[in-house]
Amino acid sequence: MKITGNIKDTNRDFQMEILELWHRNPLECVAEILSNPLFANHQVFKPEHVFWQQKDGVPSNREYNEMWTGNWWWDTQDMLPNGATIAPIIIASDETRLSTFCGNEKAWPVYLTIGNVAEAERRKPSSSTWVLLGYIPVSKLECYSEDKCSDVGCQLFHDCMRTILEPLIAKGLAPTEMTCADGYLCNVHALLAAYVGDYPEQCRVACCRENSCPRCTIAPTKRGEPGPLNSTYRDPVMVVEAISRHSKGWKPPEFEDQNLQPMNPFWKDLPLCNIFKCITPDLLHQLHKGVFSGHVASWARKSIKNGQEEIDVRCQAMPTHPTLRHFKQGISKVTQWTVFLRTLAGAAKPGVIRAVRALEDFMYYAHFKTHCDETWQTFHAKKSVFVDLKKRKFFNINKAHNIKHYVESICSWGTNDNFNTEMSEWLHIDLAKAGYRASNQQNHAYLKWAVCNYIPQGLEDNDEEEDDNDELDEPVGRLTKDSLLGADRKYHVAKTPPMQVTIDSVEKDFHADWFLWYLNDYLYRNSLIDNPNNSDLTPDTLIPIYKQARIHLPPLPEAISEKSADIIQATKALPSEITVRGFKAAQPAKTSTVLVRTDKSDPRKGPLHAALVLLIFQLPSLICTWSEPLAFLHLFKPFNRLPVPNFNMLQTSYAHRQHAKHGTILPLSQIVQTCHLTPHFGRKMNCAWDSANVLDSAEKFYLHSYL
């Protein structure tokens, strides 16, 4: 591509710049995905209506999850001839930085997938359901004056996207013959259905300024108002007409009212495409990094005396959990995090806690398969507390307003996790950043990583041999599919206990007080010994112990479609030592809090109790040759029947027996899953608490309901 600027050179000629646009035919990309035999059992070609139940013989309570359960597919199918096959195209684009510490190298990849493939497959970066469609050139546009760079850059984006999607425009509503994964030929209508991008990318696509909503015509000063959406969606025909009239100097009022930019949009000739409704929710940037981290968390911290320091020490003292990241230095300097509500208990005013709770509820519900907008309305009702505390004067926030479109988007295209920008961030690693960092970082050399047969201009291909192994190493410690789905047992431990320790060492090193007494009591209750006061066990008896166990959890249709596993840890503290590799710092004990059922007659029934696992072991060989793995636990009291007001979490505390923590020994099969207990820190946290001793020091705990 050749562009001519408005700055003249020494010869009084306008400066020019040559840009490289790399792209593929989108129809060929769609055909490649459809014909992939790996997706043969994960493809759907016609829309469906799914209902939860029936009332009086009539289906009711409609469910929205996959893209083919939404209204867009049904409405579009009615516009096409009978028997037409739709391939809903989902496009994602995002400008990303390639250089880490120095330089300003950027790439602008464009990715493509189709809605015929099940969402569970599309969300796997390694499944190849997303293909690289092209690279938009990134230029500083030095041939233009500074006041023109912004508008020219936006128009350059539209020109490139029009070139990339030209085959869709040329094809129009005519079908394309494609081979599906089952080997049959279909006449496929490839139509742009959804566009995934962050907020600046959405505004660039919608040809509007960044103080506007890219989907509707609401005024910038009205975006923070509660209640249902009270504005109309942008009309593509009206927007194109307003931009066209503005380019002719007519100054139409719609151009200023809708905060439009003078662009020639790439989408104006795409068949059956309403680009403003194609813009999808962005959970990552709108909820997690936007409304929550960028606004509400900051307001809540300011409502607490010494809020930043107090929140930091509470995060440092938070108990650890295998699935949660522990912030050893606090969160004040961390840009991406979501654990917040539990650190406010006792420090913030009730109104602040209610507002934060309402937002966190909405954030987690937005990831589920079924949704409602009641919780978001609750946040709007409670957010005035920040004005009362003089921490916020207005709520005209772009990302907060965009959340109002979530319900309509779910009804049209399915659940929000179908279109999260988190996927494009994952794709950047393999298709842009990894290649750039492995190259000489010159002349777009990262394209050689992602584009076949690409030779950078100005460079000779002197590589006689190339490394055939272009894939990144698998992360260490990842659970394999066979270990999760192939196991018949509910739990999984090592084939052989990695160590054996004496009962005396168990009581001292694992802080398992009265372990020998509880073990004799367990053996007596299970008829393994005749007298609990006269057994063969002594303080020197060796006990086989495990470091951890995995509990296999069933899938939850509303949240996750695959099985998962909980890791239960039970190790002793290790002192610091000097090894051949240098100094090794001391390591605290790793223990897990779990939910257990104490009813032995039927472990599936009875109330759940929280418990702290101190030891996972097997019975010694002098008692029996084989036994189910057992766990020594400290029990908590039954949870309160009603959640704590404002906080809306269940509360518990340690159960005691004869002025000591109530211990017990249970089979590993009676552990339902792990849980996370948050200490009640009070108005100001005890400075002696840390993550290693807080479970022993605190008196009250809250059950983490988001885990």
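What share of the 707 residues of this chain counts as buried? The figure is 48%, where buried means under 20% relative accessible area, exposed means over 50%, and partly exposed lies in between, with a 1.4 Å probe and protein chains only.

Before going on, the ground rules. This is a predicted model, in which local features need pLDDT of at least 70 and side-chain atom pairs count only at pLDDT 80 or more, while totals for chains, interfaces and linings use all residues. Residues are numbered from 1 along each chain as its sequence is written, and side-chain values use heavy atoms, with hydrogens and water left out.

The whole chain next. It has 23 helices and 29 strands; these are DSSP runs, H or I of at least four residues for helices and E of at least two for strands, numbered from the N terminus. Among contacts (heavy atoms within 4.5 Å) between residues at least 6 apart in sequence, 67% join residues at least 24 apart. The accessible surface is about 36,400 Å², and carbon and sulfur atoms account for 50% of that. Those areas come from the Shrake-Rupley method with a 1.4 Å probe, and for residues only the protein chains shown count as cover.

Now strand β9, residues 109–114. Six of its six residues are buried, so the strand is largely enclosed by the rest of the structure. Pro 109, Tyr 111 and Thr 113 point one way, and Val 110, Leu 112 and Ile 114 point the other. Two strands pair if DSSP finds at least two bridges between them. Strand β6, residues 85–93, runs antiparallel to β9 and is joined to it by five bridges, with Ile 90 opposite Thr 113. Strand β10, residues 131–135, is also antiparallel to β9, over four bridges; there Val 110 stands opposite Gly 134.

Two bridges connect β23 to β29, residues 701–703, and Gln 651 has Tyr 702 as its bridge partner.
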